[in-house]
Amino acid sequence: MTHSVEKIGGTSMSDYAAVRDNIILGGEYKEKPFGRIFVVSAYGGVTDLLLENKRNGNPGVYGLFAEEGSEPLWREALEEVRVHLRKINASLFTTQEELDEANEFIEGRLKEAERCMDNLHRLCQHGHFGLEDHLLTVREMLASIGEVHSAWNTAKLLRRDGVAARFVDLSGWRMEVAVPLDEHIAQELAGINLDRELPIVTGYAYCKEGLMATFDRGYSEMTFSRMAVISRASEAVIHKEYHLSSADPRLVGAEKVVPIGRTNYDVADQLANLGMEAIHPRAAKGLRQDDIPLRVKNTFEPEHAGTLITCGYTSESPCVEIIAGRKQVYALEVFDQDMVGSLWQYEQKVLNAIQRFKGTVITKDINANTITHYLGASLKTVKRIVKAVSEEFPSAEVSTRKVAIVSAIGSDMKVPGMLAKTVSALASADISVLAMHQSMRQVDMQFVINEDDYEQAVASLHSCLVEVHDHGEAICAA
């Protein structure tokens, strides 16, 4: 049968009534909600408590456990998680019997995790065992708790509400041998009849490859992507709390932004590079290769078709589809007169330092004697990278500067004079361009600016490049 694989984001998951009425039983699915597989994220904010806060970097249970000598703190943090999950359960289950069952289920996972961490903590008191060797396993174990909690709850609530839902646990809890991700997914899919039941699948999947080693907190998107590929879905759908729009409505104004409607995977990759991903680029790879279209929908506007992302799409006429960007970017500049003629040696060693401390390169500048990498990383990480690079090149001048990047992105931007028009728009807003990049592929233009100018730059470019077009046809085409 033709089916879809659909992922529900964390903020959407926190509103069960909206998920049930707008997604599960919305529109054509009111009488028969089957023919779909749902991969769910943890409830909003839960993974932040389990790992670390994604926005400000404040440590959660994992972050505190990873710091030596913080045993009382991680135990307190785990207790906070327990209280928070019980509070979520209390808001969802209306009878004491249901609530007790939900609490008992998640309590079992929490106790097992605490026992494992206790044992590991004691083991690492001995000199032959290092905590760092096991931290990734701990991180995966803790992360899985969030998705298991939301998936179990959702399946239970849907059954209560008359939907034949099935909880599918990919977390590998007490699984003796790790198998490859595709094999694990295929095993779980084998016993499911999509004509008669609705699978609710954990966004975290335990596997031989170790999803978090490569994707970190993008692991649920990889599970979602591989689920679509392995099951040969006709469409992949992501339900978010907002549309994939022409800009951030908080910066431009909700009345001025429009859903993109149609675009391609190149645009999705550019957004991911700026940390505003519609989908992780590695997760999108499988969908691209199997020519599976991806649709991004707004949970709270179920009647809207959303934005359809496909492989071969290009806009009917060249245009900018979205203005996006990123603040809190650090420019890492390495200048050395000896760099002339041996640029590649410097480049490789600087990249090695960035990779060593898990920094993310958004873009870069290179000339005869200077390499500048624009990093998405915390100040702490940047300082470590600077120290490593300075030690590697004692004669070089290594400096950093906090900046922002704003980008104009589109599936086809081959418009003569667009770069000049864009720079003029920034100049008219009194915004200085520190650096700019436009590749021959013509899918994005990036401008490095002072961080204080970020909001004004987004608004100016949106006004100049997006608001001047009539978008009604593009929206309807989705």
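Visitor: In which loop does Gln 442 lie, and is Gln 442 buried or exposed?
Guide: In this predicted model, Gln 442 sits in the loop that joins strand 13 (433–438) to strand 14 (444–450). Its phi is positive, about 60°, although Gln 442 is not a glycine. Buried means under 20% relative accessible area, and since the relative accessible area of Gln 442 is 18%, the residue is buried.

Visitor: Where is the place of Asp 291, and does Asp 291 count as buried or exposed?
Guide: Asp 291 belongs to the loop between helix 13 (281–289) and strand 7 (294–298), and its phi, near 55°, is a positive value in a residue other than glycine. The cut-off for exposed is over 50%, and because the relative accessibility of Asp 291 is 56%, this residue counts as exposed.

Visitor: How many residues of helix 10 are buried, and what is the distance between its end C-alpha atoms?
Guide: Helix 10 is mostly covered, with eleven of its twelve residues buried, and these include Tyr 219, Glu 221, Arg 226 and Met 227. At 1.5 Å a residue, helix 10 (residues 219–230) should span 16 Å, and its end C-alpha atoms agree with this, being apart by 16 Å.

Visitor: Which residues does Met 227 contact, leaving aside its neighbours within four places in sequence?
Guide: Met 227 is among the residues with the most contacts inside the largest nonpolar core, which has 103 residues. The largest share of this core, twelve residues, comes from helix 7 (residues 135–160). With neighbours within four places in sequence left aside, the contacts of Met 227 are Val 5, Ile 37, Val 39, Leu 170, Ile 185, Leu 189 and Val 201.

Visitor: Which residues does Ser 234 contact, leaving aside its neighbours within four places in sequence?
Guide: Just after helix 10, Arg 232 takes a positive phi of about 60°, and Ser 234 is found in the loop between helix 10 and strand 5 (235–240). At a relative accessibility of 35%, Ser 234 counts as partly exposed. Leaving aside neighbours within four places in sequence, Ser 234 is in contact with Thr 2, His 3, Ile 292 and Pro 293.

Visitor: Why are the buried residues of helix 14 on the same side, and which exposed residues does the face turned away from them carry?
Guide: The buried residues of helix 14 (residues 343–356) are Tyr 346, Glu 347, Val 350, Ala 353 and Ile 354. They lie on the same side of helix 14 because they cover an arc of only 130° around the axis. These buried residues pack against strand 9 (322–335), strand 10 (360–366), strand 11 (370–376) and helix 15 (379–392). The face turned away from the buried side carries the exposed residues Trp 344, Gln 355 and Arg 356.

Notes
Residues numbered from 1 in each chain as written. Predicted model: local features only at pLDDT ≥ 70, side-chain atom pairs only at ≥ 80, totals over all residues. Heavy atoms only, no water. Helix = DSSP H or I, 4+ residues; strand = E, 2+ residues; numbered from the N terminus. Expected span 1.5 Å × (residues − 1). Buried < 20%, exposed > 50% of the residue type's maximum accessible area, 1.4 Å probe, protein only. Arc of directions from axis to C-beta. Contact = heavy atoms within 4.5 Å. Core = buried A, V, L, I, M, F, W, Y, C linked by side-chain atoms within 4.5 Å.
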